[in-house]
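Biologist: I'd like to learn how to read side-chain features in a model. Could we walk through a few together?

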Amino acid sequence: MMSMLGVLPSIANATTISARIDSYSPSSPVEVTVGSSTTISVAFTNTGNTAWSFIAGVTVWDSNGNQVANYSATLSTPLQPAQSTTVTWNHTVHQAGEYRLQFGVWKATPYISDNLLDKKPSPSQRLIIGTTSPTSLPNQPPTCSLSANPTSGKAPLTVTFSMSASDPDGSISAWVLDVNGDGRADYSGYGNPSPTQTHTYAASASYSVVLMVSDNKGANASATQTISVGSVNQPPICSLSANPRSGSAPLTVAFTMSASDPDGSISAWALDVNGDGRVDYSGSGNPPSTQAHIYTSPGTYAVILVVSDNNGATASATEAISASSPSTIIKPSAPVPSSPGSSSSPGPTTPTLTPTLQWSRVPNADYYALAISGYPYGSGNLVYNPQRVVGTSLTVPSGVLEPGKQYRWNLQAYNRAGWSELSSILYFQTPPQDIITARIDSWSVDPRQVQVGQSVVLSMNFTNTGTTTHTFIAGASLWRPDGSSVDFEREVTLSRGASTSVSWTRPIDQAGSWDVQFAVWRQKPFTSANLLTKAPSSKAVGYIRATSVVQRPSPPVPSSPGSSSSPGPTTPTL
């Protein structure tokens, strides 16, 4: 089974064959006694994208430009991408003099420029001096480099060290790697160090890493790195739930997911919705809060959510989904409209322009579609056509119907099997005269706890629910604790179906409990016949609490003994 955090294979790139010479030896002039041998070598890296058996070589010329040696070697094992290797030869000096060297890496023979991948040095350099009586040139020390990846992380932390070394006038004879700074060799060997060395740190600490190399004449060089290892990584946690867990196919399920990490962050997530071991949904970072999936076939499905943290630890959560075979669904029967209206035109008159249409419930219906048409009837006079009504009633919105007009309405029921037949038709008519009504939508008093002298703001929102534009009188009343009242009024003109907000500001002049009530009148005088609505229906008793302001006393005035300036008069006694 593939990893839940695996990725789909990427499209392969075109094959690239390339190499890079990293170092060569000797890299500076060395003396060699005539008749003696010296080691020459070249280190190079496969910088292409495919394994390849490269050809490494070196050419030696004397001071007159004559070629005196030409060495080459074909790798017996293909070098993998990003892998490095070193090829070494022994060269014997037969005559005194200066010799120039140049190293090369080829992808194939013949040794022509089209097959040459890299050459160094360029141009060739004087690197070997043949002598019958060697001079006492001082030994040049070797050089080395050390890098680490990663340099920090949670325990257990696996670190790959990259190492290299060279000697300008000789060769590397040995190397030692101390990975924890205790002065002991943890990894070592003869000759050049291996290109990479892996080590796993089990305990949290800061480690000093030292690479030391020696050349063939006993000179040393070193390189260092610091590795910081934190405490043991704590795994992440995750949760998974499904709604619904069962039903008939096709079944749409909403998965709710969450994840967190106690000592880091979530780096990736993957969701397998059918237990086949393959990732159906995935991403980086935290998973989304919800993920929907449709199960089209019946069956029982194991669902697993896997998350990983920034240090590679994982956690998982599971769910089970059961999708049953779909039951046979039949079209719903036609609903029966009940009110308002009658089976013949023009029908009864509704009391308002916003009547509530009602009909019988169809047991297997998911929702209903309604159509209201004006006279003369026909599709061209369709005035209202909601397509997804749930329930068995619907109030016609304000502004749809006009006063003194004739209308008819009918409806259909719907489920997944399709639409029902059209219902029978009911006819009705709207009242011919203008209807003046209003509705208080909300009201407030702010603040409700005040001190005498402070002001309160009385606010009211109301809507013209009548059939025509009208100038209303909006009002409010406050009753003091002593029973007297303070009244407010304002004329407001509203078109049919429009809403507005009205407010008044009033200072509070008595301590105690104040009552409040809001109202909308058709017109003056303020009689019950002209009252359209009020809120609350009974006045809100004690809605405002007012307290008296307590005045601070004025400071006392001292009279004697003493004066306003120092030292003042002398008292006759103690």
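Biologist: Is Tyr-375 buried or exposed?

Modeller: Buried means under 20% relative accessible area, exposed over 50%, and partly exposed in between (1.4 Å probe, protein chains only). Tyr-375 has a relative accessible area of 56%, so Tyr-375 is exposed. Tyr-377, at 22%, counts as partly exposed. This is a predicted model, where local features need pLDDT of at least 70, side-chain atom pairs count only at pLDDT 80 or more, and totals for chains, interfaces and linings use all residues. Residues are numbered from 1 along each chain as its sequence is written, and side-chain values use heavy atoms, with hydrogens and water left out.

Biologist: How many aromatic pairs are there?

Modeller: Rings of Phe, Tyr and Trp (its six-membered ring) pair if their centres lie within 6.5 Å; planes under 30 degrees apart are stacked, over 60 edge-to-face, and the rest tilted. The structure has 19 such pairs. One of them joins Tyr-375 and Tyr-377: with centres 5.3 Å apart and planes at 80°, the pair is edge-to-face. Tyr-407 and Phe-428, by contrast, are stacked, at 5.7 Å centre to centre with 25° between the planes. Both Tyr-407 and Phe-428 are buried.

Biologist: Which residues form an aromatic cluster?

Modeller: Trp-359, Tyr-368 and Trp-409 form one.

Biologist: Where does the charged end of Arg-448 sit?

Modeller: A charge sits over a ring if NZ of Lys or CZ of Arg is within 6 Å of the ring centre and within 35 degrees of the ring normal. The charged end of Arg-448 lies over the ring of Tyr-543, 3.7 Å from its centre. Likewise, that of Lys-539 lies over the ring of Trp-479, 4.4 Å from its centre.
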